[in-house]
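Please open the structure in your viewer and get your selection tool ready. We will take the tour one stop at a time.

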Amino acid sequence: MLRRLPEAVVNRIAAGEVVERPASALKELVENAIDAGAGRIDCALRQGGAASISVDDDGAGIARDELALALERHATSKLADDDLVDIRTLGFRGEALPSIGAVSRLTITSRANGASEAWRLAVDNGSIGALEPAARAGGTRVEAAGLFRAVPARLKFLKSARAEYLAAADMLKRLAMARPALAFSLEHDGRRAWASPAASDLLARLADVLGAEFADNSVPVALEADGLRLTGHAGLPTWHRGTAQAQYLFVNGRPVRDRLLQGAVRAGYEELVPRGRFPVLALFLDVPPDRVDVNVHPAKTEIRFRDAGRVRSLIVSALRRALAEEGHRAAMPAAAAPLVGRFRPGGSSTPPLALAERASEWQAPLDPALAPSAPPPAPEAPGAAGLPLGAARAQLHDTYIVAQTGDGIVLVDQHAAHERLVLERMRRALAEGRPPRQALLLPEVVELDEAGAERLAAKAGELAELGLVLERFGPEAVLVRETPAALGEADAKGLVRDLADDLAEHGLALALKERLEDVAATMACHGSVRAGRRLGAQEMDALLREMEATPRSGQCNHGRPTYVELKLADIERLFGRR
Ligand code: ADP
Ligand code: MG
């Protein structure tokens with residue numbers, strides 16, 4: 001029999017798309033407060049939001065006569081005309097309140113601007129109660145209690161209270177980043193979890209979300225073209241993380257997760273950030289409303305652009321420009337990389353002059369007095385010149401080792417090479433059992449977000465097996481006591497943060513072995529000789545000899561070469577002698 005479904009059933013079906021979990025309910029309620037013109041928005045969750053979610057604002061409020069309408073499906077005050085072309089509010093579908101009301105006990109208390117009293121209306125899993133007078137100075141408070149309690153099929157998909165809370169907190173912070181002028185606060189189980197006062201500029205709000213260090217490690221981005229505008233702050237290429245989680249992207253003030261935008265960000269940082277690493281950034285794209293469709297999915301986090309190509313090139317050029325202006329702070333692309341492939345024994349297709357020009361980009365200054373970092377000439381290691389990587393002769397720019405071989409020269413990127421050596425050392429130590437570790441003179445406190453601290457603490461046992469001993473230190477930090485000896489003087493802070501990212505990304509899904517390899521690679525990166533450290537003659541030779549004895553030492557852990565070799569014949573060709 002064909003029949004029309006009762007409204008309560010329709011709402012419950014729709015609720016499946018609009019409210020998936022507490023975080024999505026919180027998002028809808030906060031968006032409503034923002035749309036209502038609130039100046040402050042106070043949120044509170046109990047048991048990760050499963051017990052209750054409440055959002056209190058000082059916005060325009062809802063008039064007595066409209067309270068019941070607000071709970072009705074497809075009733076909205078936000079679409080002035082009926083085309084879906086010019087959408088300037090976060091909400092417009094008129095389905096959040098009825099949907100949440102279909103799967104919880106929802107109470108709205110509100111006092112409209114200019115009204116003399118406040119009113120309350122509740123709906124209990126779809127059945128609407130009676131309008132009651134209430135006490136309230138202004139604005140609106142919406143509370144959803146017992147989310148999904150009447151829908152066991154959905155309830156069982158909720159994760160732990162902790163996980164739901166963290167997802168909700170992340171959602172709130174994303175919304176808050178796009179509205180620095182509004183004050184936000186979040187309570188969990190009665191305790192203040194996060195707050196950010198109304199900020200005069202974006203960077204202050206970003207610091208409240210991403211940490212104070214973000215300001216020092218980012219550059220402003222601003223570019224306008226073709227009626228599109230991109231603003232925000234982009235992290236320096238050297239300040240990267242293990243996942244894309246800290247890439248915050250917004251379109252017309254709406255947090256989005258969009259592949260097109262993520263791809264454009266990747267292209268903007270091309271060659272600046274190692275593969276598999278993600279810079280931290282917050283970018284805001286403003287597109288005329290008629291050139292973007294946000295009505296792709298009820299949760300409104302997916303979007304479609306009418307001119308995707310323009311959006312992409314705007315982002316790529318804005319990032320490249322912003323990062324290039326800060327070239328002295330950012331890691332530049334390897335100028336010599338294209339050169340490597342051209343020097344294949346057996347001749348080159350590139351005219352010698354062009355090669356010579358390229359080569360001058362990385363040549364050492366001719367006047368020895370201008371080469372500040374050249375160490376005293378190395379005492380020749382007996383017979384070293386006959387070995388594959390030759391005898392170390394000089395260090396240039398505190399970064400490259402120049403060695404002489406039997407029939408040419410070798411240029412080694414000391415950081416890339418050392419990183420590989422450390423990784424292979426750690427692998428050996430892992431294969432042999434417990435790797436040796438060393439205690440820090442002073443245990444180091446590393447501040448993280450709550451989720452990160454929690455994940456690391458939960459894995460403390462496995463990390464200790466790898467030689468990293470840490471423990472939880474308050475809600476948002478861990479204390480590092482020992483580091484793997486293979487790392488030498490490790491950068492504990494960077495290491496621990498990256499590991500937290502790795503855990504967020506991979507969780508428990510990876511096989512233990514693979515995970516250990518991953519962790520080892522992250523650790524190796526932080527334990528390596530940085531580019532910019534001066535090495536003595538013996539240190540340089542020791543590095544070359546260890547490279548010769550270590551598998552895979554021709555590539556760093558990111559797949560880039562660790563050294564390039566020029567045969568005398570290649571050099572002669574460069575000078576037009578052949
Ligand atoms: P939408 O936001 O898509 O319009 P909702 O179901 O979320 O749909 O809300 C329905 C209506 O209720 C809104 O259009 C708005 O008029 C009113 N409303 C909801 N929350 C608030 C609030 N916090 N302050 C003022 N009005 C609100
Ligand atoms: Mg809404």
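## First stop: a buried arginine

Select R174: with a relative accessibility of 5%, this residue counts as buried (buried means under 20% relative accessible area, exposed over 50%, and partly exposed in between, using a 1.4 Å probe and protein chains only). A salt bridge here is a side-chain nitrogen of Lys or Arg within 4 Å of a carboxyl oxygen of Asp or Glu. D170 is partly exposed, at 26% relative accessible area. Helices (H or I, at least four residues) and strands (E, at least two) are DSSP runs, numbered from the N terminus.

A word on how to read what follows: this is a predicted model, in which local features need pLDDT of at least 70, side-chain atom pairs count only at pLDDT 80 or more, and totals for chains, interfaces and linings use all residues. Residues are numbered from 1 along each chain as its sequence is written, chains are lettered from A and ligands numbered from 1 in the order in which they are written, and side-chain values use heavy atoms, with hydrogens and water left out.

## Zoom out

Show the protein as a cartoon and you will have 19 helices and 25 strands on screen. Of its 578 residues, 46% count as buried. Among contacts with a separation of 6 or more, 67% are between residues 24 or more positions apart; contact means heavy atoms within 4.5 Å.

## More salt bridges

Side chains of opposite charge can pair when their charged atoms come close. How many salt bridges does a search of the whole structure find? The search finds 27.

Select E213 and R497 next: their closest N and O atoms are 2.9 Å apart in a salt bridge. E213 belongs to helix 8 (residues 213–216) and R497 to helix 16 (residues 492–506), so this pair ties together parts that are 284 residues apart in sequence. Both are partly exposed, E213 at 30% relative accessible area and R497 at 23%.

For another pair, pick R64 and D65, where the closest N and O atoms are 3.6 Å apart. R64 is partly exposed at 41%, while D65 counts as exposed at 63%. Then select R162, R191, E450, E454 and R472 together to see a network linked by salt bridges.

## Into the cores

In soluble globular proteins, nonpolar side chains tend to be buried together. A nonpolar core is a set of buried Ala, Val, Leu, Ile, Met, Phe, Trp, Tyr and Cys residues joined through side-chain atoms within 4.5 Å.

The largest such core has 57 residues, of which L26, V30, I41, F184 and L186 touch the most other members. Helix 6 (residues 161–177) supplies the largest share of this core, eight residues. Centre the view on L26: apart from neighbours within four places in sequence, L26 is in contact with C43, L45, I53, V55, A168 and L172. A second, separate core has 34 residues, including V219, Y269, L281 and I315.

To find it, select N32, A70, S77, K78 and L97, the closest to its centre of the 33 lining residues. On a 1 Å grid over the protein atoms alone, a pocket is an open set of points where a 1.4 Å probe fits, with protein on both sides within 12 Å along at least five of seven lines; lining residues have an atom within 4 Å of a point.

Go to T562, in the loop between helix 18 (537–549) and strand 25 (563–567). T562 counts as buried at 1% relative accessibility.

N125 lies in the loop between strand 4 (118–124) and strand 5 (127–128), and its phi is near 45°, a positive value in a residue other than glycine. Finish at H397, in the loop between strand 19 (391–396) and strand 20 (400–405); H397 has a positive phi of about 55° and counts as exposed at 53%.
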